[in-house]
Amino acid sequence: SHLVSHQFHNSKHLTRVYLTNDSISAIGNQAFYCLKKLVYLSLSNNPISDLHPHVFACLYRLSYLDLSFTYISRINDVMFISTSFLSTLILHHTKIMDFSSACSLQSLKELDISYTETALSSFPLETSDMLANLNILRVVQPELCCMAIQSTCYASKPSEDIFFSCNNILANTWIKPLIGSYTYTSIELRCMHWHTKNKSGTHW
């Protein structure tokens, strides 16, 4: 099915929309345009492969977005410009590989990119502040946990090489000038903690 532009024209006061398992394959660029009070949107378990860059425009109050179990492979640079209050973004079991647009998500507190192909290289320098401010991070590659120093981090694929990976991160030339000594020490301690006590675990 297809969500056309102004699909919710007569439902302007909705604050929560659940469209899970609705066989939605395409979404018009202004499908949610009238939902300026929307705070919760779930599009999970739909065969959506692409999203228009402005599909979430005018969703100024959106705080929770679930795109899990879709075929989405990338996030556009301008997709979240209007969603300044977005605090939870669920992307597990998607095709996401590139997260270079995450720098605009400064209010994000929970990010789930577990069971995706997202790697450390998908997070450029500009996203480091976003990662550092998270409360909860769910990932595939455990080395990403080294960057989310303030969060509780869950890795869906624990690695025996996490200590080596953390050290690689700490040696990265763009990280050292960016973070303070306290933050740098915190990352080192997290790496040591994982290596010595949690090698078989999935939770930081």
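S73 lies in the loop between β5 and β6; helices (H or I, at least four residues) and strands (E, at least two) are DSSP runs, numbered from the N terminus. The model is predicted: local features need pLDDT of at least 70, side-chain atom pairs count only at pLDDT 80 or more, and totals for chains, interfaces and linings use all residues. Residues are numbered from 1 along each chain as its sequence is written, and side-chain values use heavy atoms, with hydrogens and water left out.

S73 has a relative accessible area of 37%, so this residue is partly exposed. Buried means under 20% relative accessible area, exposed over 50%, and partly exposed in between (1.4 Å probe, protein chains only). Leaving aside neighbours within four places in sequence, S73 is in contact (heavy atoms within 4.5 Å) with S49, K95, I96, M97 and D98. With D98, which is 25 residues away along the chain, the C-alpha separation is 7.6 Å.

Confidence is given by pLDDT, the predictor's confidence in each residue, from 0 to 100. The chain averages a pLDDT of 76, and 63% of the residues score at least 70. Over residues 194-204 the pLDDT is below 50, and this stretch has 28 contacts in the model beyond near neighbours in sequence. Where pLDDT is low, the predicted coordinates should not be read in detail.

The next topic is the aromatic residues. The structure holds 4 aromatic pairs. Rings of Phe, Tyr and Trp (its six-membered ring) pair if their centres lie within 6.5 Å; planes under 30 degrees apart count as stacked, over 60 as edge-to-face and the rest as tilted. The rings of Y18 and Y40 have centres 5.0 Å apart and planes at 40°, so this pair is tilted. Y18 belongs to strand β2 (residues 16-18) and Y40 to strand β4 (residues 40-42), so the pair links distant parts of the chain, 22 residues apart. Y40 counts as buried because its relative accessibility is 15%.

F56 and F80 make a stacked pair, because their ring centres are 5.9 Å apart and their planes are at 10°. F56 lies in the loop between β4 and β5 (64-66) and F80 in the loop between β5 and β6 (88-90), so the pair ties together parts that are 24 residues apart in sequence. Both F56 and F80 are buried.

Y18 and Y40 also form one aromatic cluster with Y64. R16 lies over the face of Y40, at 4.3 Å from the ring centre. The criterion is that NZ of Lys or CZ of Arg is within 6 Å of the ring centre and within 35 degrees of the ring normal. K36 lies over the face of Y33, at 5.8 Å from the ring centre.

The largest nonpolar core has 39 residues, and those with the most contacts inside it are I27, F32, L41, F56, L89 and L111. Such a core is a set of buried Ala, Val, Leu, Ile, Met, Phe, Trp, Tyr and Cys residues joined through side-chain atoms within 4.5 Å. The elements that give two or more residues to this core are α1 (128-132) and β8 (136-139). Not counting residues up to four places away in sequence, L41 touches V17, F32, F56, L59, L62, Y64, L65 and D66.

C58 has a positive phi of about 75° although it is not a glycine. C58 lies in the loop between β4 and β5 and counts as buried because its relative accessibility is 9%. H93 has a positive phi of about 55°, and it is not a glycine either. H93 lies in the loop between β6 and β7 (110-112) and counts as partly exposed, because its relative accessibility is 32%.
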